[in-house]
Amino acid sequence: MELPAPNQQQISQLLEIASRVPDHKKLAPWRFIVFAGDARSLAGEKLVEILESRQGTLDPKHLEIEFGRFTRAPLVIGVVSAPVAGSTVPVWEQELSAGASCMNLLSAALAMGFAAQWISEWYVFDEEASRTLGVKEGERFAGFIHIGTPSMTPTERPRPDVAEITSYWSGE
């Protein structure tokens, strides 16, 4: 992905669309963290600091990968699952709403003509990294949506045979 990224008006529109998801009791059990401009490089630097504090100096290839985590696209939006504690809505349903928000954001970016990819890598599941990138107690990332202008035609990956994963309930 390359520049241009969505402008501020488009980002606002994308986030409005991302928030139009099933949301039992109107809890809004998700929020967004936007990584744009220099913040993307800074996020990579923070990830490198975390890994080097655990593993020592990273080899040049690993260093390049970690520094580049957020610069592969000109815009990255983290979708945070933020379940509302004490609600009668099950946490699982609230987490599904956050996942739906990711999907809406991805679809909206593609519909606007941008390239987009939903990514969840090690830092999504790492508490220290997630906290460093902005999650609060009781939250976690549902994923990061990378958005930019397509630099090449994406290749399609193999998909499951829908007939093999579909059944029809008959009541018996």
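**Entry 1: Arg-31 and its partner**

I began with Arg-31, which is partly exposed at a relative accessible area of 22%. The model is predicted, and I read every entry below with that in mind. Next I looked up the salt bridges. The whole structure holds ten of them. In one of these, Arg-31 pairs with Glu-139, and the closest N and O atoms are 2.8 Å apart. Arg-31 sits in strand β1 and Glu-139 in the loop between α6 and β4, so this pair ties together parts 108 residues apart in sequence.

I then checked the Glu-139 end. Its loop runs between α6 (127–132) and β4 (140–148). Is Glu-139 buried or exposed? Its relative accessibility is 17%, so I noted Glu-139 as buried, the cut-off being under 20%. I listed what else Glu-139 touches, leaving out residues up to four places away in sequence. Besides Arg-31, the contacts are Val-80, Ser-81, Ala-82 and Gly-134.

**Entry 2: Arg-54 and Asp-126**

I moved to a second salt bridge. The side chains of Arg-54 and Asp-126 meet at 2.6 Å, N to O. Which parts does this pair tie together? Arg-54 belongs to helix α2 (residues 38–55), while Asp-126 is in the loop between α5 (122–125) and α6, so the linked parts lie 72 residues apart in sequence. Arg-54 is partly exposed at 42% relative accessibility, whereas Asp-126 is buried with a relative accessible area of 13%.

I looked up Arg-72 next. Arg-72 makes a salt bridge with Glu-121, with 2.6 Å between the closest N and O atoms. This pair also links distant parts of the chain, 49 residues apart. Arg-72 lies in the loop between α3 (60–67) and β2 (75–81), and Glu-121 in the loop between β3 (115–119) and α5. Arg-72 is partly exposed, at 38% relative accessibility.

I asked which residues join this pair in a network of salt bridges. Glu-66 and Arg-69 are linked with Arg-72 and Glu-121.

**Entry 3: the nonpolar cores**

I turned from charged to nonpolar side chains. The largest nonpolar core has 17 residues. Leu-14, Leu-75, Ile-77, Leu-105, Ile-145 and Ile-147 touch the most other members. Which elements give two or more residues to this core? They are α1, β2, α4 (91–111) and β4. Helix α4 gives the most, with five residues.

I took Leu-14 as one example. Apart from residues up to four places away in sequence, Leu-14 touches Pro-6, Leu-105, Ala-108, Ala-109, Met-112 and Ile-147. A second core is separate and has 16 residues, among them Phe-35, Val-80, Tyr-123 and Phe-141.

**Entry 4: aromatic rings**

I then searched for ring pairs. The count is eight aromatic pairs. Ring pairs join Phe-35, Phe-70, Trp-122, Tyr-123, Phe-141 and Phe-144 into a cluster. I noted that Phe-35, Tyr-123 and Phe-141 are in this cluster and also in the second core.

**Entry 5: helix α4**

I checked the length of α4. With 21 residues at 1.5 Å a residue, α4 should span 30 Å, and this agrees with the 30 Å between its end C-alpha atoms.

I listed the buried residues of α4. They are Gln-94, Ser-97, Ala-98, Gly-99, Ser-101, Cys-102, Leu-105, Leu-106, Ala-108 and Ala-109. What do these residues pack against? The partners are α1, β1, β2, β3 and β4. Just after α4, I found Gly-113 with a positive phi of about 95 degrees.

**Entry 6: Leu-27**

My last entry is for Leu-27. Leu-27 is in the loop between α1 (8–18) and β1 (30–36). Its relative accessible area is 21%, so I put Leu-27 down as partly exposed. Leaving aside neighbours within four places in sequence, I found Leu-27 in contact with Val-84, Ser-87, Val-89 and Gln-94. Gln-94 is among the buried residues of α4. Leu-27 and Gln-94 are 67 residues apart in sequence, yet their C-alpha atoms are 8.2 Å apart in space.

Terms used:
Residues numbered from 1 in each chain as written. Predicted model: local features only at pLDDT ≥ 70, side-chain atom pairs only at ≥ 80, totals over all residues. Heavy atoms only, no water. Helix = DSSP H or I, 4+ residues; strand = E, 2+ residues; numbered from the N terminus. Buried < 20%, exposed > 50% of the residue type's maximum accessible area, 1.4 Å probe, protein only. Contact = heavy atoms within 4.5 Å. Phe/Tyr/Trp six-rings, centres within 6.5 Å; stacked < 30°, edge-to-face > 60°. Salt bridge = Lys/Arg side-chain N within 4 Å of Asp/Glu carboxyl O. Core = buried A, V, L, I, M, F, W, Y, C linked by side-chain atoms within 4.5 Å. Expected span 1.5 Å × (residues − 1).
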